[in-house]
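Here is a friendly walk through one structure and a few of its side-chain pairings. Have a look at the model first, then read on.

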Amino acid sequence: IFRITEDLFNAQKEITSGKKIHKPSDDPSGMRDTLALRTSIKKIKQFDRNINNNQIFLKRGESALESIGVSLSRAKELSIVELGSLSTAESRGYAKTELENIISSVFQAANTKVKNMFVFSGTDIRTTPFEVSASGAVYKGNSDNFTVQIEENTNVKITIPGSEVLGTDLNPDLNTSTLVSQLNGGTGIAEGSFSITDRAGNTGTVTVTSSMTLREVITAINY
């Protein structure tokens, strides 16, 4: 009778609460499975948060790199134009101002932040990745990739350190022995002459040919 009463009581409790297990002793094996399921659900929810919360890093980083790419293309265009025969002292002055603005915008994009965290600093997200020095840009972050876990045993990179994506020489083969004809992806630049005026007011004409090296161009400019 007591056993039947207990069974009826337990059945009524299950119906009322909607739960089969109220304490570990009710079903040790079932309790273990329940705890394991809860842990799995918690992990899945965390993985989902990792993905959703860090998508902005990917989008902001992509946007910054697109902006830098546009800026570098414009800088390249300006350089090619000002090396041509149509260059004047006035146009070079305008080009200089625009290049300074381009450099400033590139630094701004390279130091992009998301929620007060720098995108291109590696895992050192509180450190400004790039600073200006007398010799140019200096990278202050580290070389580690910032990663998040999106599923069991699977981590993905959500950022690339600036030392990897922005700290590399854009044309490592370029040196003073490079021929003018090898510039601009091998298409070279238009041959011609341009005038230069120094601070003392002295004016000179520099003629550039496709057979010249960059060393010869620099020497002609400084002559």
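Three salt bridges turn up when the whole structure is searched. A salt bridge here is a side-chain nitrogen of Lys or Arg within 4 Å of a carboxyl oxygen of Asp or Glu. This is a predicted model, in which local features need pLDDT of at least 70 and side-chain atom pairs count only at pLDDT 80 or more, while totals for chains, interfaces and linings use all residues. Residues are numbered from 1 along each chain as its sequence is written, and side-chain values use heavy atoms, with hydrogens and water left out.

| Salt bridge | N to O distance |
|---|---|
| Arg 74 and Glu 77 | 2.8 Å |
| Arg 74 and Glu 98 | 2.6 Å |
| Lys 96 and Glu 100 | 2.7 Å |

Let's take Lys 96 and Glu 100 to begin with. Both residues sit in helix 3, four residues apart, which is about one turn of the helix. Helices (H or I, at least four residues) are DSSP runs, numbered from the N terminus. Glu 100 is partly exposed, at 43% relative accessibility. For this term, buried means under 20% relative accessible area, exposed means over 50%, and partly exposed is in between (1.4 Å probe, protein chains only).

Now for the pairs formed by Arg 74. This residue is partly exposed, with a relative accessible area of 29%. Its pairing with Glu 98 links distant parts of the chain: Arg 74 belongs to helix 2 and Glu 98 to helix 3 (residues 89-110), 24 residues apart. Glu 98 has a relative accessible area of 26%, so it counts as partly exposed. Arg 74 and Glu 77 are about one helical turn apart, because they are three residues apart in helix 2. Glu 77 is partly exposed too, with a relative accessible area of 43%.

One more residue of helix 2 (residues 28-82) deserves a visit: Ser 71. Is Ser 71 buried or exposed? Ser 71 has 11% relative accessibility, so it counts as buried. Leaving aside neighbours within four places in sequence, Ser 71 is in contact (heavy atoms within 4.5 Å) with Ile 102, Ser 105 and Val 106. The C-alpha atoms of Ser 71 and Ile 103 are separated by 8.1 Å, with the two residues 32 apart along the chain.

Methods. Helices (H or I, at least four residues) and strands (E, at least two) are DSSP runs, numbered from the N terminus.
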